Amino acid sequence: MKIILLYGGQSAEHDVSIISAFNITQHIMYHYYQVQPIFIRRDGVWIKGAPLTSPLQASQQLILTAGETAQWSDHPEQTSIGVEIHPGSIYESDAIVFPVLHGPNGEDGTIQGFLEVLKMPYVGAGVVASAAGMDKIVSKYIFNQVGLPQVPFEAFDRQSWASEQEAIIQKCEGNLLYPLFVKPANMGSSVGISRVENSEELRAAVETALKFDHRIVVEQGIIADEVEVAVLGNDDAHVSVVGKLVKDTAFYDYDNKYLNNSVSMQIPAEIPESVSQKIQSYALTAYRAINGRGLSRVDFFVTANNDIYINEINTMPGFTPYSMYPVLWKETGLDTRDLVEELLQLALKQFEVKQLLTVERI
């Protein structure tokens with residue numbers, strides 16, 4: 001069977017996607033599958049690489065330049081050559097798509113909708129779950145509806161900020177206490193997020209966040225540990241052990257997480273068992289609330305008093321060798337090779353279920 005690997009993409013998390021895709025190619029059962037890499041450039045051009053029947057040496061080789069004939073570079077530090085294609089031409093009847101795309105235009109339901117139209121099985125959440133999980137404001141409203149505890153927040157859009165900036169500042173400062181975290185509504189991997197201590201920093205942080213999205217969320221900062229849980233499955237989803245980010249600074253940005261690899265993990269997290277169980281239960285509640293499928297990583301805050309607050313859900317979490325999602329499952333007893341295979345099987349099962357739905361009028 002052929003795995004069509006989509007990676008790159010038109011988001012600020014383009015580079016993370018390439019590293020995630022490379023890690024996945026290292027754990028494919030090549031005696032069962034052939035991998036067809038499709039690289040999506042930052043400008044939206046799709047480039048089809050040569051089929052993979054064994055792993056590459058480095059992620060740099062997955063970066064494809066358009067040419068006449070697809071060919072992998074022999075040198076691990078060089079890019080490869082692929083052939084420019086129309087997105088619709090990826091369709092194959094005996095293929096499954098693994099969209100290793102993070103952030104907008106990949107994790108937000110757009111690619112998922114495209115694959116639904118093509119009637120192809122694909123790994124991960126569907127259109128609604130992807131869109132809801134990507135949008136921090138929408139997901140907060142959903143979490144509130146199912147009773148999940150959250151830190152206080154304020155949300156607004158670009159138009160409101162342009163016409164009511166002073167009122168928004170006053171509302172944030174009146175309802176929330178510094179430090180505050182300013183985030184684009186649709187972004188991940190800490191891209192565009194700022195920690196602020198005063199109104200001047202708040203203004204600057206909003207302007208930064210608006211470069212990535214037209215809707216903004218400002219959250220109450222709290223003194224707490226950041227813990228994460230991996231979810232795997234469809235209707236019968238189950239959870240991993242709880243992991244904790246061990247930090248020596250108040251906030252880790254994109255470079256710390258993905259380029260410098262300066263975030264260390266404590267797995268399992270050294271917290272009371274009763275707290276771990278509640279976090280795992282909350283993670284499943286969040287997953288089911290957005291109609292999650294395949295995989296997700298759910299992030300929480302835990303205070304010194306063991307108060308728990310859900311932060312966000314990621315429907316296509318980072319899959320790099322040092323990303324929390326695959327590491328959590330490895331520490332739970334499922335290695336990355338078996339995890340990738342399970343995700344492929346879950347995608348096929350979900351596709352089969354959808355094909356049984358009635359489309360005719362009763």
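Trainee: In E10, which residue is the bridge partner of phenylalanine 156?

Mentor: Phenylalanine 156 has isoleucine 216 of E10 as its bridge partner. This is a predicted model, in which local features need pLDDT of at least 70, side-chain atom pairs count only at pLDDT 80 or more, and totals for chains, interfaces and linings use all residues. Residues are numbered from 1 along each chain as its sequence is written, and side-chain values use heavy atoms, with hydrogens and water left out.

Trainee: What do the labels for helices and strands stand for?

Mentor: They are DSSP runs, numbered from the N terminus: helices are H or I with at least four residues, strands are E with at least two.

Trainee: How many bridges join E7 to E10?

Mentor: Strand E7 (residues 153-157) and E10 are joined by five bridges and run antiparallel. Two strands count as paired if DSSP finds at least two bridges between them. Strand E8 (residues 180-184) also pairs with E10, again antiparallel and over five bridges.

Trainee: Which residues of E10 sit across from phenylalanine 181 and leucine 180?

Mentor: The partner of phenylalanine 181 is glutamate 219, and leucine 180 stands opposite glutamine 220.

Trainee: What else does E8 join?

Mentor: Strand E9 (residues 194-196), through three bridges, with the two strands antiparallel.

Trainee: How many residues of E10 are buried?

Mentor: Five of the six in E10 (residues 215-220). Buried means under 20% relative accessible area, exposed means over 50%, and partly exposed is in between, with a 1.4 Å probe and protein chains only. In E8, five of five residues are buried. Leu180, Val182 and Pro184 point one way from E8, while Phe181 and Lys183 point the other way.

Trainee: Changing topic. Where is phenylalanine 212?

Mentor: Phenylalanine 212 is in the loop between helix H7 (199-209) and E10. Its relative accessible area is 34%, so phenylalanine 212 counts as partly exposed.

Trainee: What does phenylalanine 212 contact?

Mentor: Leaving aside neighbours within four places in sequence, phenylalanine 212 is in contact with Ala12, Pro184, Asn186, Met187, Val191 and Gly192. Contact means heavy atoms within 4.5 Å. Alanine 12 is 200 residues away from phenylalanine 212 in sequence, yet their C-alpha atoms are 8.3 Å apart.

Trainee: What about H6 and H7, how do their axes cross?

Mentor: The axes of helix H6 (residues 165-175) and H7 come within 11 Å and cross at roughly 120 degrees. Axes are lines fitted to C-alpha atoms, for helices over the stretch in contact, and angles run from 0 to 180 degrees between N-to-C directions. From H6, Gln165, Glu166, Ile169, Cys172 and Glu173 meet Ser199, Leu202, Arg203 and Glu207 of H7.

Trainee: In what order do the strands of the five-strand sheet come?

Mentor: The order is E13-E12-E11-E14-E15, in an open sheet with antiparallel pairing. Strand E13 (264-266) and E15 are the edge strands, each pairing on one side only. From one strand to the next, the twist averages 30 degrees.

Trainee: How many bridges do E14 and E15 pair over?

Mentor: Six, in the antiparallel sense. Phenylalanine 300 stands opposite isoleucine 310 of E15.

Trainee: Which helix lies across E11, E12, E14 and E15?

Mentor: Helix H9 (residues 273-289), which runs at about 130 degrees to E14.

Trainee: And serine 323, buried or exposed?

Mentor: Serine 323 counts as buried because its relative accessibility is 6%. The residue is in the loop between strand E15 (308-314) and helix H10 (324-332).

Trainee: What does the side chain of serine 323 reach?

Mentor: The backbone oxygen of glycine 318, at 3.4 Å.

Methods
A polar contact is a pair of N or O atoms within 3.5 Å; within protein, one must be able to donate a hydrogen and the other to accept it, and residues adjacent in sequence count only if both atoms are side-chain atoms.
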